[in-house]
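Reader: I've got the coordinates open and some questions about the geometry. Could you walk me through it?

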Amino acid sequence: MDFHLTREQEMVRKMYREFAETEVKPLAEELDEEERFPMETVEKMAKLGMMGIYFPKKYGGAGGDVLSYAMCVEELAKVCGTTAVIVSAHTSLCCAPIFEHGTEEQKMKYLPDLLSGKKLGAFGLTEPNAGTDASGQQTTAVLDESGENYILNGSKCFITNGNVAETFVVMAMTDSSKGNHGISAFIVEKSFPGFSVGKHEKKMGIRGSSTCDLIFEDCVVPKENLLGKEGQGFKIAMQTLDGGRIGIAAQALGLGEGAINEAVKYTQERVQFGKRLSQFQNTQFQLADMHTRMQAAQYLVYAAACKKQNHEPYSVDAAMAKLFAAEAASDVTRRAVQLFGGYGYTREYPVERMMRDAKITEIYEGTSEVQRMVISRALGVK
Amino acid sequence: MKIIVCVKQVPDTSGKVAVNPDGTLNRASMATITNPDDLNAVEAALVLKEQTGAEVVVVSMGPPPAEGMLREIIARGVDRAVLVSGREFGGSDTYATSQILAAAINKIGLEDEDIVFCGRQAIDGDTAQVGPQIAEKLNIPQVSYAAEITKEGKTLTVKRMLEDGYMTIKVNTPCLITCIKELNAPRYMSVGGIFECYEKPYEVLDYEALKDDPLIDPTTIGLKGSPTNIFKSFTPPQKGAGMMLEGADKDTCEKLAGMLAAKHLI
């Protein structure tokens with residue numbers, strides 16, 4: 001196995017780091033405190049090609065690779081979980097399914113604006129009664145009398161980038177008698193009649209990110225905006241989430257690593273009992289364990305990203321990466337707060353924010369329990 | 001139209017500074033960066049490229065690993081890079097370096113509408129000599145300390161930032177401008193630029209390539225051609241924390257006078 005990054009990957013990571021330190025870190029506390037979406041950062045990332053990293057230049061992408069995308073989310077998450085998920089949801093959940101399942105016309109119509117970051121993307125699968133059980137879709141899509149448009153009715157919830165996105169990949173039931181095989185995927189524009197964005201969720205973490213309901217009231221979607229074929233929606237959604245898990249695993253990875261960076265710095269400054277905290281063996285062992293966990297997570301995340309890049313099956317790899325990285329991030333950020341003591345519990349230091357941000361990585365885009373289902377099924381355990 | 005930007009790879013002094021027993025900088029053990037002022041020069045060139053469609057060529061003198069730095073500069077949007085590299089050039093001081101870089105610029109070709117940009121000075125030597133000396137060797141006008149640049153036709157209007165004010169100068173191409181950090185904020189490398197940078201033209205000019213230029217002579221390049229002798233280099237003692245007195249009233253002035261008198265300065 002080759003554990004070395006290419007020279008381009010080394011270079012792109014250096015750029016992400018500089019960008020994150022200079023442009024993202026200074027805003028992180030304010031975004032969290034004020035629950036503010038960082039549109040100015042999205043515009044800066046767009047200029048640098050960070051909203052379409054691994055897509056071909058032909059469609060307006062940056063011509064990079066999947067690992068370079070994962071590293072982008074990782075580096076952003078080291079300093080701001082909110083900014084990281086904006087890139088991840090946009091890339092993995094909207095750009096990727098259009099690129100992977102769209103017709104040439106759909107790709108040429110939607111990808112240039114999405115990949116250049118001119119427009120943000122989002123993904124609508126989850127519904128109030130269809131979370132982990134995504135097959136329970138109640139949003140319906142019916143061809144109208146003219147046969148030219150689908151009419152969508154229903155609602156989606158917890159949609160990341162919901163009130164800032166202009167392009168959505170949305171799942172809806174076209175034939176409820178067929179169960180999973182009756183679900184279809186659609187490309188929906190914000191401007192389509194009958195589409196609206198509902199309430200914005202107030203969250204525990206990633207508070208600057210947009211999380212909203214989407215509402216479809218006789219929403220008119222042109223027939224040509226069907227993504228894939230009728231009945232392929234569930235498959236498209238599951239494949240999309242496989243890719244999304246690499247992004248969220250990278251976000252978890254960055255959050256854990258960011259917390260370690262903060263803890264290393266703090267424990268070398270804070271003095272108790274006449275010694276720096278870093279001189280206590282408990283601190284050293286804690287940090288050693290934390291670092292080892294995140295390093296293991298990094299190998300899993302990078303391996304999944306490389307497999308996707310090489311068009312190898314990566315569904316189980318992505319599930320393991322997300323499961324491990326998310327649980328490691330929750331553990332490591334919690335331990336970082338403990339190392340900071342009382343100060344760690346205050347909003348004066350970023351580790352409590354990282355701990356709150358990390359929790360969601362165990363839940364969204366497939367809970368840890370769903371990842372265990374995916375992994376155990378691959379073992380043939382039923 | 002072509003813009004040639006001279007850049008230098010320097011030790012990263014924000015990290016650990018390593019010094020050899022003889023007091024010289026231990027460059028090999030230090031991380032390297034692109035000299036900060038040179039990135040302002042690159043940015044100035046890229047802004048003009050966006051306005052005029054000019055080709056931007058970056059040139060540096062240094063050992064072969066400087067390629068990494070040059071590729072990173074290409075990733076910011078520069079069209080091609082030239083590395084001037086050869087044992088014969090080693091040990092050059094500012095005089096010899098400017099001689100060699102001027103020869104390299106001649107080789108690249110400096111035409112009527114072309115501009116050379118340099119950073120004001122490098123953070124390792126802090127001399128601010130190479131840019132102006134290159135202009136002299138090339139026999140072209142120079143404007144140093146540029147804090148603002150506008151171009152109309154063949155004329156550049158440059159606002160120079162001096163210690164006690166600004167000076168605005170108009171200069172015709174071809175010319176050389178040295179840039180300061182107040183000029184602009186250097187852009188980041190872009191993802192697209194990074195994934196293309198190793199496909200862009202990259203050329204190495206060695207002694208053989210430059211030896212026919214009248215500026216290149218064994219007595220004017222390398223250690224032998226360098227009139228500068230370094231007797232000792234050292235880290236200057238750190239200044240103590242200063243003290244600020246606020247206000248322009250009589251009490252403050254008397255307090256200041258008292259403090260200076262106590263130190264026998266007045």
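Reader: Which residues have the most contacts inside the largest nonpolar core?
Author: First, some ground rules: residues are numbered from 1 along each chain as its sequence is written, and chains are lettered from A and ligands numbered from 1 in the order in which they are written. This is a predicted model, where local features need pLDDT of at least 70, side-chain atom pairs count only at pLDDT 80 or more, and totals for chains, interfaces and linings use all residues. A nonpolar core here is a set of buried Ala, Val, Leu, Ile, Met, Phe, Trp, Tyr and Cys residues joined through C-beta atoms within 7 Å, and buried means 20 or more other C-beta atoms within 10 Å of a residue's own (exposed is 12 or fewer, partly exposed is in between, and C-beta atoms are placed from the backbone). The largest such core has 192 residues, and those with the most contacts inside it are Ala249(A), Val301(A) and Ala325(A).

Reader: What does Ala325(A) touch, not counting residues up to four places away in sequence?
Author: Touching, or being in contact, means that the C-beta atoms of two residues, placed from the backbone, lie within 7 Å. Leaving out residues up to four places away in sequence, Ala325(A) touches Ala249(A), Ala252(A), Leu253(A), Ala297(A), Leu300(A) and Val301(A).

Reader: How are α8(A) and α11(A) oriented to each other?
Author: Helices (H or I, at least four residues) and strands (E, at least two) are DSSP runs numbered from the N terminus; axes are lines fitted to C-alpha atoms, for helices over the stretch in contact, with angles from 0 to 180 degrees between N-to-C directions. Helix α8 (residues 315-340) of chain A packs on helix α11 (residues 368-378) of chain A at an angle of about 140°, with the axes 9 Å apart. Under 35 degrees counts as roughly parallel, over 145 as roughly antiparallel, 65 to 115 as roughly perpendicular and the rest as oblique. So α8(A) and α11(A) are oblique to each other.

Reader: Is Asp218(A) buried or exposed?
Author: Asp218(A) is found in strand β7 (residues 211-222) of chain A. Not counting residues up to four places away in sequence, Asp218(A) touches Ile151(A), Asn153(A) and Gly194(A). With 12 other C-beta atoms within 10 Å, Asp218(A) is exposed.

Reader: Is Asn161(A) buried or exposed?
Author: Asn161(A) is found in the loop between β3 (149-160) and β4 (167-173) of chain A. Its phi is positive, about 70°, although Asn161(A) is not a glycine. With 27 C-beta neighbours inside 10 Å, Asn161(A) counts as buried.

Reader: Moving to chain B, what is the phi of Tyr145(B)?
Author: Tyr145(B) is found in strand β7 (residues 142-152) of chain B. Tyr145(B) has 20 C-beta neighbours inside 10 Å, so it counts as buried. Tyr145(B) is not a glycine, yet its phi is positive, near 60°.

Reader: Which peptide bond is cis, with omega near -5°?
Author: Look in the loop between β9 (165-172) and β10 (175-179) of chain B, where Pro174(B) has its place. The cis bond runs from Thr173(B) to Pro174(B).

Reader: Which helix gives the largest share of the side of chain B that touches chain A?
Author: At this interface 10 residues of chain B are in contact with 15 residues of chain A. The chain B side divides into 7 nonpolar, 2 polar and 1 charged. The largest share, 4 residues, comes from helix α5 (residues 191-196) of chain B.

Key:
Ala, Val, Leu, Ile, Met, Phe, Trp, Tyr, Cys and Pro count as nonpolar, Asp, Glu, Lys and Arg as charged, and the others, Gly among them, as polar.
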